[in-house]
Structure formats: C-alpha cells, structure tokens
Amino acid sequence: MDPESFRETFSGLALGNVMAAAARDYKKEMLAKEKAQATTHDEVDLDELLDDPELEKLHAERVAALKKEVEKREVLKRQGHGEYREITEGEFLGEVTGSEKVICHFYHHEFYRCKIMDKHLKALAPLYLGTKFIKLDSEKAPFFVAKLAVKTLPCVILFKKGIAFDRLVGFEDLGRKDDFSTRSLENILKKKGIIDDKKGDGSDGEEDADDFKNRKIRSSAAQDSDSD
C-alpha cells in the first residue's frame, strides 16, 4: 500500500473511532438526562400529592373523627365509666338508666366469692369504657334486692338502656369454681353483649386478673394521652 493510501485508510479508521466514541458519549448523556428527568418527575409528583385536596380532606376527616372519639370518652368518664365504683341504693336508678350498658354487682362484704368477682370486674372496667361497672351492697339495698329477685350472691345483673336483660348468678357460668380467669368472665360478658367484642386484642388463652394489669396500664396510658 502506497503512503497516500495508508494515510487515507488510517484517517478513515481514526474518524470511525471518533464517531464511535462520540456516539457512546451521546448515549451516556441521554441516559443521564432521562434519569435526571425521572427523578425530577418523582419529586414533582410527591409535591403534588402533598397538596392534593382529596388527601387534605381525608386528613381533616381523620382528625375530626379522633376529636369526636376523645370527646365521647370524656363524656363517658364523666358518667362514671372507666372504673369500678360502689354506689348506694339511692343512686342505683340514676346509674343504671344514665348509661346504655351497665354491669351491676350485688355483693355482700363478707362473702369470699363476692371478693373474687370484685377483683375481675375491677380489672375489666378500665378496658371497656363503653360499659359502666358498678357494685351495690345487697344489705344496704333491700328494695332493689327484692325488686330484682336477687337470691344468690354474687349476683351480677346486666342492664341495657335501664332494663335488666341478663345476669350471672354465683359462679354457675364460670365452671362453678373459684379460680376462673378474668378472660373467662370477659368472654362470657362479650357473648351476652354487655361489653364490646374487641377484635384483634392478641390473645385467646387464659388470663387472670394479675395478667390484666399490663392491659390496664396500656388502657390508662391511652386515656391519659387522649386528655393531653
């Protein structure tokens, strides 16, 4: 090959290499631009989402629902819900008619089984704010003991809208034994519809009043946070 032809061929190869390199650089640049544009679009979409009126509406509705729930809890607390309280015979009618759901334990202060029932009802009261938990000394309430035909103690009478619709007499529904668990009593009260069925509470096993302390603490903490 003569020198002139060699120079032409070499120049052609060099030009080809330059073009190939330029093509690669161009492709890299385009890919970088596409990536940058995609990132920019993502950021813009996020900003648009944050300013979305539908999202703002859902947020406002959620805040309103939470506020309404807090107000409802405060009303129930003022009505005596959230704790296990002793009442007098003179207060009885006002208490059972003043709330939609009421559990009233007729007891005798010397009866051991009444003390067992007290322990379990006291553990449940803070967990079910929608139901009022009260107790009444049967010796000091002869009128209502006779009126409601209370003959065996402990006697736990369940009220809905001021009407007695069911009762637990002694420990008949609890296996007729003294060592029943708080969970057992809780399940019976759920079946009778006097306390709400709290779905997904995480345990199907037996649980006694001592085990309920943790749940009670969590419930109290939640109530305190609502009031803050």
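Lys135 lies over the face of Tyr107, at 5.0 Å from the ring centre, and Lys160 lies over the face of Phe165, at 5.2 Å from the ring centre. A charge sits over a ring if NZ of Lys or CZ of Arg is within 6 Å of the ring centre and within 35 degrees of the ring normal. The model is predicted: local features need pLDDT of at least 70, side-chain atom pairs count only at pLDDT 80 or more, and totals for chains, interfaces and linings use all residues. Residues are numbered from 1 along each chain as its sequence is written, and side-chain values use heavy atoms, with hydrogens and water left out.

**Overall architecture**

- The protein has seven helices and five strands; helices (H or I, at least four residues) and strands (E, at least two) are DSSP runs, numbered from the N terminus.
- Read from the N terminus, the order of elements is α-α-β-α-β-α-β-α-β-β-α-α.
- Of the 228 residues in the protein, 32% are buried; buried means under 20% relative accessible area, exposed over 50%, and partly exposed in between (1.4 Å probe, protein chains only).
- Among contacts with a separation of 6 or more, 70% join residues 24 or more positions apart; a contact means heavy atoms within 4.5 Å.

- Helix 2 covers residues 53-78, and its 26 residues should span 38 Å at 1.5 Å a residue; the end C-alpha atoms are 37 Å apart, which agrees.
- The expected span used here is 1.5 Å times one less than the number of residues in the helix.

**Aromatic rings**

- The structure holds five aromatic pairs; rings of Phe, Tyr and Trp (its six-membered ring) pair if their centres lie within 6.5 Å, and planes under 30 degrees apart count as stacked, over 60 as edge-to-face and the rest as tilted.
- One of the pairs is Phe92 with Phe144, which is tilted, at 4.5 Å centre to centre and 45° between the planes.
- This pair links distant parts of the chain, with Phe92 in helix 3 (residues 89-97) and Phe144 in helix 5, 52 residues apart.
- Phe92 is buried at a relative accessible area of 2%, and Phe144 is buried at 9%.
- Phe92 also pairs with Phe159 in an edge-to-face arrangement, 5.8 Å centre to centre and with 75° between the planes.
- Phe159 is buried, with a relative accessible area of 3%.
- Ring pairs join Phe92, Phe106, Phe143, Phe144 and Phe159 into a cluster.

- Asp137 lies in strand 3 and counts as buried at 6% relative accessibility.
- Leaving aside residues up to four places away in sequence, Asp137 touches Glu86, Tyr107 and His109.
- The C-alpha atoms of Asp137 and Thr88 are separated by 7.6 Å, although these residues are 49 residues apart along the chain.
- A polar atom of the Asp137 side chain lies 3.0 Å from the backbone nitrogen of Glu139.
- Glu139 is in the loop between strand 3 (132-137) and helix 5 (142-147), and at 51% relative accessibility Glu139 counts as exposed.
- Glu139 touches His108 and His109, not counting residues up to four places away in sequence.
- The side chains of Glu139 and His108 make a polar contact (3.2 Å); a polar contact is a pair of N or O atoms within 3.5 Å, where within protein one must be able to donate a hydrogen and the other to accept it, and residues adjacent in sequence count only if both atoms are side-chain atoms.
- Glu139 and Tyr107, 32 residues apart along the chain, have C-alpha atoms separated by 8.3 Å.

**Cysteines**

- A search of the whole structure finds zero disulfides; a disulfide is a pair of cysteine sulfur atoms within 2.5 Å.
- Cys104 is in no disulfide, and the nearest cysteine sulfur, that of Cys155, is 8.9 Å away.
- Cys155 is likewise in no disulfide, and the nearest sulfur to it is that of Cys104.
- Cys104 is buried, at a relative accessible area of 0%, and Cys155 counts as buried at 1% relative accessibility.
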